[in-house]
Amino acid sequence: MVLTGPPPGMVSVGGYRFVLAELQAILNGTEHGPASITVLPDALTGYRLSARAADQEGIESTLAILGANPLLANALNERGARGEL
């Protein structure tokens with residue numbers, strides 16, 4: 001048997017594996033309003049993260065201060081939110 005994908009509830013982005021529920025909890029745990037995260041297919045990395053929040057700049061800066069993985073913080077920038085590379 002050959003496994004080609006991450007376990008259920010997880011996503012692989014490049015060489016990283018994330019638990020989607022934990023990413024959502026991190027985004028919603030900030031003071032900058034509700035946020036949602038989406039996983040989009042990507043030809044180079046398998047998948048990429050895209051996120052939307054009520055205060056995208058505020059939550060992005062909070063994630064940077066908290067030391068969150070840059071893949072999560074960058075999912076909120078304008079290009080990441082639109083699903084572009």
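How many bridges join strand β1 to strand β2, and in which direction do the two run? In this predicted model, strand β1 (residues 10-13) and strand β2 (residues 16-19) run antiparallel and are joined by four bridges; strands are DSSP runs (E) of at least two residues, numbered from the N terminus, and two of them pair if DSSP finds at least two bridges between them. The model is predicted, and local features need pLDDT of at least 70, side-chain atom pairs count only at pLDDT 80 or more, and totals for chains, interfaces and linings use all residues. Residues are numbered from 1 along each chain as its sequence is written, and side-chain values use heavy atoms, with hydrogens and water left out.

Within this pairing, Met-10 stands opposite Val-19 of β2. Two residues separate β1 from β2 in a hairpin, and Gly-14 in the turn has a positive phi of about 60°. Ser-12, in strand β1, is buried at a relative accessible area of 18% (buried, under 20%; exposed, over 50%; partly exposed in between; 1.4 Å probe, protein chains only). Beyond its neighbours within four places in sequence, Ser-12 is in contact (heavy atoms within 4.5 Å) with Pro-6, Arg-17, Thr-45 and Tyr-47.

In helix α2 (residues 56-66), the buried residues are Gln-56, Gly-58, Ile-59, Thr-62 and Leu-63; helices are DSSP runs (H or I) of at least four residues. These residues lie on the same side of α2 because they cover an arc of only 165° around the axis, the arc being that of the directions from the helix axis to the C-beta atoms. Glu-57, Ala-64 and Ile-65 are exposed on the other side of α2.
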